[in-house]
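These notebook entries record a look-up of charged side-chain pairs. I begin after the structure is shown.

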Amino acid sequence: MFDKWLADRTRLFDASGIRKVFDLAAKLDRPVNLSIGQPDFDAPESAKNAAIEAISSFKNGYTPTQGAATLRSKIQAQVDALYPGSGREVFVSSGVSGGLLLTLMALVNPGDEVIIFDPYFVMYDALVRMLGATPVYISTYPDFQIDVNKVAEAISPKTKLILFNSPANPTGAVAPRETVRELAALADEKGVALVSDEIYKFFCYDGEFHSPAEFSPNVIVLDGYSKCYGMPGWRLGFVHGPAQLMQEMLKFQQYTFVCAPSVLQLGAVAALDTDMTPYLDAYRRKRDLVYNGLKDYYEIPKSCGAFYTFPKAIGASATDFVTKAIQEHQLLIIPGNVFSSRDTNFRISFAAADSVIEEGVEILQKMARE
């Protein structure tokens, strides 16, 4: 009976392959978990205390749809300092995922085309199809770097938007300045929206992070606090871009999320004053543990950002390889076809304790030798 009630969009995609791995992990006695996409450090004590104080001080109501004034003004000042004179406007969203949904709802019509770089974050493909648009995939294999000429060739009269993510999930690739500049210029030349997902920008290990917003006032930027401040469950993000577009997106926020969690917004104000650099140094070391441990066994580009690496699997398919890793070694990693049209690679998250990383690397070395 329920089948005839369901909307057609429920049949467009299956549950996330990542969730399936997590469900499987719950059945293992002692999993070696290199699958999870969240930091292994906690939110700053100052942020937690500020959120508790907000709860105790009866600040549990709604905030304005665009965000609590104390947090929004602080983010706006940071954006103004980074992009002086750009006229960019900020609002607080319910996570970067919420900001992405609002962006697509405001920009994409059924039948539009959206350019996505393969491999990609799982939500990109799902949300585009959920809104009746068509994903157009541009491969970045084998080095996971973007060829702007391929982007130009893929743009058609139906192209509405380019989804860009650097540092990237699942590959850990960071786009160099010249690529970012060329992509922003191409989007402006073709009259196509460019959306930049910058949730991992804190995790840049070998050079400077560059946003396309440096080169164009038209870029829509998605950012947040989940990764750099260890608070993914707080569901706090922010969006900045052209003021007119931000106002249109706020209409959709008002009728969906209403506002981001109020007391957690007040807690995040305190987080913004916390120096998280020691965690960046720690994650650079974790990256090196994985890369140095596997480079002689796997085809593995060195991650320059985020906390992922995307080596090529050994054998017929990444799915088979990952299944063996989980069933025979209790090693939790994610098959690449979760993020890609190809089933050749697998994702490792090094957002884990060093001891867990070392154990996982040892298992992968053993699997390669076998």
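I first noted how burial is defined: a residue is buried under 20% relative accessible area, exposed over 50% and partly exposed in between, with a 1.4 Å probe and protein chains only. The model is predicted, so local features need pLDDT of at least 70 and side-chain atom pairs count only at pLDDT 80 or more, while totals for chains, interfaces and linings use all residues. Residues are numbered from 1 along each chain as its sequence is written, and side-chain values use heavy atoms, without hydrogens and water.

Entry on the search. I looked for salt bridges (a side-chain nitrogen of Lys or Arg within 4 Å of a carboxyl oxygen of Asp or Glu). The whole structure holds 17 of them.

Entry on R287. I found R287 in a salt bridge with D206, at 2.9 Å from N to O. D206 lies in the loop between β6 (193-197) and β7 (220-224) and R287 in helix α11, so the pair ties together parts 81 residues apart in sequence. Helices (H or I, at least four residues) and strands (E, at least two) are DSSP runs, numbered from the N terminus. R287 is buried at 3% relative accessible area, whereas D206 is partly exposed at 47%.

Entry on K286. Which residues does K286 pair with? I found D40, with the closest N and O atoms 3.7 Å apart, and D354, at 3.0 Å. K286 in helix α11 and D354 in helix α13 (residues 354-369) are 68 residues apart. K286 is buried at 4%, while D354 is partly exposed at 21%. Shared partners join D40, R285, K286 and D354 into one network of salt bridges.
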